[in-house]
Amino acid sequence: MGVLTWLQPTTVEELSQLLKTRSLRLHGGGTAILRNPPENATLVDLSRLAWDSVEVTEDTITVGATATYERVRAALCSQEPDHLLCKALQTAAAPSLRNRITAGGSVAFSPPWSSFTGPLIALDAEVEIVGAADGRFPVTEYLSNHALHRGSAIRSLVIPRNQGERSLYYRFAPVSFSYSLFSLSVLTTDARPGRAVIWGTRNRYVALTGKEFTDSAALHSVEFPARDGFSPEYLKHVASVELGRGFSAIGGRER
Amino acid sequence: MNGLFLINGTEVEIDFPSDATLVQLLRAHGYTEVKQGCSHGECGSCIILLEGNPVNACQIYAATVTGRKITTGTGLSEFASWSAVKNAMIRRGAVQCGFCTPGVMASAVALLEHTPEPTVSEIAAALTGNLCRCTGYVKIVQAIKDAASEGEQ
């Protein structure tokens, strides 16, 4: 057993100071960290920062970094049951895990089985960061730019709302309670042609826009890893079928 | 390290290793009704209530929940639905080896607190984190449905 040093800031200022001066790991709900427990590390417990609110307004949905999946689901689904994120979180993990997995931790970790990051990309969400990289950045930029991770912490997620959103969420898993092997988030709005995000591909994710949907070869270049006994070819076939069904189901024009 | 925990309505000061999970801490201090199964948050045998919500105690560092309300199987009697759930579980024969039972009871009580009249699919969804290798779930679901009906009367 290793020794962990726990720091529990209660204000943003305290956290910012810690982020400047120490090499440490951030702890949201702990489910990601406990998959590979660290030894002799310094952990910053973010749970005392009161960053767990979920605000739904006419223009945006703002999710605090330590809001749990279940908190987001409960707040969003009561008001917006057809929202893409609501559909995704209804199927994400078991309630006992949804009560611990945090929004910020989920984006920072973004595992292949994530039910959260794919929908966020489809929705053009941004992450608000404090620390060395202070500001708001698209989720896609946060995922690709590791400089945004160092010495910084996600404070919230900001999700724009669009007129006429129609969406579909699909996750492929051997059984309902197991990790998904890939997920599909499909979204169209009044102002924008369709978009689909396949999360869990070999390069983490693929985002397809309306134009690409007119090209039946769009998925040919998408590679899936073999996982849990399912071949890459099989996973690609399922993704292709569900993509077509998804667009038909929400009245997409592109396929 | 040292911390003050609020377990089953009682404040308890505990010395514990800094890397202890909540299930390790609870079992080391006599709360052996909290079972340790897979330790990966998949089997649900360690499910307890944290501030009234079901969580996997194996997926929580004890250091992060000092001062927060923890309810194990033996503390569930503070909830209104407890008696109905317990009696229905016995009546329906929904307990066999019993290893999953404390976690199932915690999930059931939490469900009925938030959703007093759950549908069968809502019960099934609430139990997705509880694996039972004996009963096949049918009797457990029936028992929770019975307990909900009893609560209505």
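Good morning. I begin with strand 11 (residues 195-201) of chain A, which pairs with strand 12 of chain A in the antiparallel sense over six bridges. Strands here are DSSP runs of E, at least two residues, and helices are runs of H or I, at least four residues, numbered from the N terminus; two strands pair if DSSP finds at least two bridges between them. One bridge sets Arg195(A) against Thr209(A) in strand 12 of chain A.

This is a predicted model, in which local features need pLDDT of at least 70 and side-chain atom pairs count only at pLDDT 80 or more, whereas totals for chains, interfaces and linings use all residues. Residues are numbered from 1 along each chain as its sequence is written, chains are lettered from A and ligands numbered from 1 in the order in which they are written, and side-chain values use heavy atoms, with hydrogens and water left out.

I turn to helix 2 (residues 69-79) of chain A. Which of its residues are buried? They are Tyr69(A), Glu70(A), Val72(A), Arg73(A), Leu76(A) and Cys77(A), where buried means under 20% relative accessible area (1.4 Å probe, protein chains only). Seen down the axis of helix 2 of chain A, these residues fall within an arc of 155°, so they line one face; the arc is that of the directions from the helix axis to the C-beta atoms.

Finally, chain B. Strand 1 (residues 2-7) and strand 2 (residues 10-15) of chain B run antiparallel, joined by six bridges, and Gly3(B) stands opposite Ile14(B). The two strands form a hairpin with two residues between them, and Asn8(B) in the turn has a positive phi of about 50°.

Notes. Buried means under 20% relative accessible area, exposed over 50%, partly exposed in between (1.4 Å probe, protein chains only).
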